[in-house]
Amino acid sequence: MLLIKNANVFNGHDNTLLEAVDIVINQNHIQTISQQPINDAGFEQVIDARGHTVMPGLIDAHVHITLSAAPHVLDTMTREEIAIRSAKIAEGMLMRGFTTVRDVAGNTIGLKTAIDSGYATGPRIFPSQAAISQTSGHSDYRQNRGQQRRNGHEDSPLMKTGAFAIADGRSEVLKAVREQLFMGASQIKIMAGGGASSTFDPLDTLQYTLDELKAAVEAASDYGTYVAAHIHTTPAMKRAAEAGIMSFEHATIMDDDIAQIIKEKGIFVIPSYFTSSLIAERKIPLGSESLYQKTERVGKAMLKSAELIKKYEIENLCFGTDCVGDLGVHATQSHELEAIEKVFDTITALRMATSNCAKLFNLSTYQHPYQEGKLGEISEGAYADLLIIEGNPLEGVACVTQADKQKVIMKDGVIYKNTLC
Ligand SMILES: [Zn+2]
């Protein structure tokens, strides 16, 4: 048993701190939060958090742990090399204070299991397994038009790692979704429109017919879970909303109509302001001029869509960085919190990176891998996933993102960093 004394608490929801409370951690759960002082006697460890704030561990709802290099570079790697790089990236996430992530394209179930059983260090992972797309869609990561599909995807080493899957027509889509569920996907990721970073699919293409999208949603919801869609344009979002897709990744180019539909249906939006600004400023190397042009368009549109998110008071917003690439890219993960604060405000940024993500993940029921406690909040019975921060996050997220102000990182009741005592 561990006691945290004299802490102020941001609980993941409220715009005010709970002041001077004592918190009992019993194994991997928060057992008690008390405004009456608790006697130190009998605790294995006592942390005095006076002047500090306890807050939920951060959650990133859009990461790609295994996509640790550009696709053509990943194509040259063995699975072992990709696995080792992924473990290092996962460890970096936890040591930045991210105690939970949702991976949305990658064969991460093995890494997730290794982390959960103590063989590797990293955040909790909600795996999507392969991102599913149509032939010629955003997941069709064959590296050139000469890589013809003969029997499966044997010509693309990257696709063989299980990061991407191709399925066309209702029956193949049903099967591809069920394959990911069999492997342990907690939700399904599909590509429902053109991509900004992919070479062959123009941004405005519609990907998957309404019936194919509905097939994906049916197979997922029959298994108690939901579909997250990579999606940029309004026509693609309208089709996806009609199909019942509940998690819009990027959702960059909105109009008033789709913003209203998103609000009415309670669809979750996961924008990535920092990564898209890096791309728009050409700070991430891309393969060609046309890729730069696509991503610049996306980067600019995203800020306009933020105005519609405010106008229609869309509250189901989640933190997602879309960090794809090597350790250097992932090192920027926390900057998204600052980018969101700039676009919206501090409390929105904090909620997006904690309780809002937990709400999204709860759309997954039987397939939810962490059902013994709440995530993304500081409450009695919640998992003991928390940070102790020097300062008050509600006055600005800078103290959350600075490593030297993150004094304690705890996940599942285990302390991974403690510079407080
Ligand atoms: Zn992504």
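Thr354 lies in the loop between α13 (346-352) and α14 (355-361); helices (H or I, at least four residues) and strands (E, at least two) are DSSP runs, numbered from the N terminus. The model is predicted: local features need pLDDT of at least 70, side-chain atom pairs count only at pLDDT 80 or more, and totals for chains, interfaces and linings use all residues. Residues are numbered from 1 along each chain as its sequence is written, and side-chain values use heavy atoms, with hydrogens and water left out.

**Surroundings of Thr354**

- Thr354 counts as buried because its relative accessibility is 0%, where buried means under 20% relative accessible area, exposed over 50% and partly exposed in between (1.4 Å probe, protein chains only).
- Leaving aside residues up to four places away in sequence, Thr354 touches Phe10, Gly12, Met55, Pro56, Gly57, Ile59 and Gly376; contact means heavy atoms within 4.5 Å.

**Zinc site**

- His62 (NE2), His64 (NE2) and Asp322 (OD) coordinate the zinc ion at 2.1 Å.
- Donors are N, O and S atoms within 2.8 Å of the metal (3.2 Å for Na, K and Ca); water is not among the atoms, so sites may look incomplete.
- Along the chain, the donors of the zinc ion follow the spacing H-x1-H-x257-D.
- Distant parts of the chain are linked by the pair His64, in the loop between β6 (58-63) and α1 (71-74), and Asp322, in the loop between α10 (289-311) and α11 (327-330), which are 258 residues apart.
- His64 is buried, with a relative accessible area of 5%.

**Parallel sheet**

- An open sheet is formed by 3 strands in the order β6-β7-β8, with parallel pairing; two strands pair if DSSP finds at least two bridges between them.
- Because β6 and β8 (124-127) each have a single partner strand, they stand at the edges, and one side of each is left without a neighbour in the sheet.
- Strand β7 (residues 98-103) is joined to β8 by 4 bridges, and Val101 has Ile125 in β8 as its bridge partner.

**Nonpolar cores**

- The largest nonpolar core has 97 residues, and Ile190, Phe248 and Met254 have the most contacts inside it; such a core is a set of buried Ala, Val, Leu, Ile, Met, Phe, Trp, Tyr and Cys residues joined through side-chain atoms within 4.5 Å.
- Helix α6 (residues 210-222) gives the largest share of this core, 6 residues.
- This core lies between domain 1 (2-56 + 373-418) and domain 2 (58-344), because both give residues to it; the domain bounds come from an automatic or database domain assignment.
- A second, separate core of 18 residues includes Leu2, Ile4, Ile23 and Val54.
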